[in-house]
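Thanks for coming, everyone. I have one structure to walk through today. Please have a look at it while I talk.

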Amino acid sequence: SMEQLNKQVEFLEDKSSSGKLRDWSGKKKRNLSLAEIYMMIKESYRKIHSEKFNRFLNREERCRMCAIVLKYKRDKNGKRTLYEAYFCQLRLCPVCNWRRSLKIFAQVSKIIQAIEKEQEHAYLFLTLTQKNVSAENLDKTLDDMMYGWNKFMKYKKVKDVVKGAYRGLEITYDKNPIITSKMYQKKKDYYQKLGLKVGDKNPNFDMYHPHFHVLIVADKSYFKSRKYLKHEEWQELWAKAMKLDYMPQVNVKKVKGNTAEAVAEVAKYSAKDSDYVIEKDLDLSMNVVETLDYALQGRRLVSFSGIMKEWHKKLNLDDAEDGDLVHIDSEKDEELEGEMTLETYAWNVGYMNYVRV
Ligand SMILES: [Zn+2]
């Protein structure tokens, strides 16, 4: 009716505690692009492979249902908190991965805060990598990395330093067939060594790069102690754990800033949806999504160990990966004051945005 048409449309404006607008609609749009890719994969298996057809039918449906309705509580000061929503929990979902990264940030912040309250520590950020792999070798490489990580953590030199750790797995994918100037600027030395220039064929095209992001809790005195490990030592230990016949790229740096937020910043859980929701290249997107979907299934992408694991338990935090994605920051609920009003927002296909209903 005319009355409905004239009614002011109210879009969702969800702000974080720091006042930053949360990009719900951007994430939901990418989630729907992923659902389209799942739909195309499903169609490619229609009649020829019923098991795969059903797998991707399920993926598509779950993906589409994700975060369609968002229910908020709002207090007298206008502060808002999410209290009900359905999240698909798919490993590749852009909405769910964003929620997970916010949740991991909140969890790591809380854990570091608790650790620092008892005793001051030093923090290191470690990136453990190995050579790029093709789609066929990805699954096996991930097995090796998980095994290698456990071995690495048991070495005496590592155990002497690491009092606690957070470990996140990231897999990036190289979607560029040609070396762009942006890529060249970033890794000039590397391309020069190979005698390659802008516009040449990218040698890493269609390759996967799995790596670990690790946050380490060490003694306050670590950087001046005898236990201190040089960059080459970290590198050798990782090569040994992984049984590599070459020296892998390993990055180690001191985490600057002592607030829990600064430390948690490096622990981010990241899966770049721009790597597999590739605009204007549906075939490539389908290949990458299918590869990652199988490779990530049932894997622990994040883990806590040592005192970080102990505090995760003591603080009663739930599973960062498969746990609740509605309440990602449990403190926020307690901040609300006075009488609550309930607000519901729903995804609107016409506006491609969340609209108050
Ligand atoms: Zn989702």
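Domain 1 and domain 2 bury about 1600 Å² between them. Of that area, 58% is on carbon and sulfur atoms. On the domain 1 side, R30, I37 and I328 lose the most area to domain 2. Together those three account for 36% of what that side buries. Keep in mind that this is a predicted model.

Where are the domain bounds? Domain 1 takes residues 1–87 plus 326–357, and domain 2 takes 100–323, according to the domain assignment. Their C-alpha centres lie 29 Å apart. In terms of contacts, 18 residues of domain 1 meet 16 residues of domain 2.

Now to the metal. Which residues hold the zinc ion? The protein donors are C66, C88, C93 and C96, each through SG. They lie 2.3 to 2.4 Å from the zinc ion. Along the chain, the donors follow the spacing C-x21-C-x4-C-x2-C.

Why is the arrangement called tetrahedral? The four donor atoms subtend angles of 103 to 114° around the zinc ion, and four donors count as tetrahedral if all angles lie between 85 and 135 degrees. For reference, the ideal angle for four tetrahedral donors is 109.5 degrees.

How accessible are these cysteines? I have two of them. C88 is at 2% relative accessible area, and C93 is at 0%. Buried means under 20%, so C88 is buried, and so is C93.

A67 is not a glycine, but it has a positive phi of about 50°. A67 sits in the loop between α3 and β1. Its relative accessible area is 0%, so A67 is buried. Then there is Q89, also not a glycine, with a positive phi of about 65°. Q89 is in the loop between β2 and α4. At 23% relative accessible area, Q89 is partly exposed.

On to the helices. Does the length of α2 agree or disagree with its residue count? Helix α2 covers residues 24–45, which is 22 residues. At 1.5 Å a residue it should span 32 Å, and its end C-alpha atoms are 32 Å apart, so the two agree. Just after α2, K47 takes a positive phi of about 70°.

Next, R59, in helix α3, which runs over residues 50–65. Is R59 buried or exposed? It is buried, at 11% relative accessible area. What does R59 touch? Setting aside neighbours within four places in sequence, R59 is in contact with Y38, L90, D293 and Q297.

D143 is in helix α5, residues 135–154. At 40% relative accessibility, D143 counts as partly exposed. D143 and K186 are 43 residues apart along the chain, and their C-alpha atoms are separated by 30 Å.

Last stop, V250. It belongs to strand β6, residues 250–254. V250 is at 7% relative accessibility, so it counts as buried. What surrounds it? Not counting residues up to four places away in sequence, V250 touches L126, T127, L128, H231, W234, Q235 and W238. How far is V250 from R46? They are 204 residues apart in sequence, and 44 Å apart in space, C-alpha to C-alpha.

To recap the metal site: four cysteine SG donors, in a tetrahedral arrangement.

Notes
Residues numbered from 1 in each chain as written. Predicted model: local features only at pLDDT ≥ 70, side-chain atom pairs only at ≥ 80, totals over all residues. Heavy atoms only, no water. Donors = N, O, S within 2.8 Å, 3.2 Å for Na, K, Ca; no water. Tetrahedral: all angles 85-135°; square planar, octahedral: opposite > 155°, others 65-115°. Buried < 20%, exposed > 50% of the residue type's maximum accessible area, 1.4 Å probe, protein only. Helix = DSSP H or I, 4+ residues; strand = E, 2+ residues; numbered from the N terminus. Expected span 1.5 Å × (residues − 1). Domains from an automatic or database assignment. Contact = heavy atoms within 4.5 Å. Buried area = accessible area lost by both parts, 1.4 Å probe.
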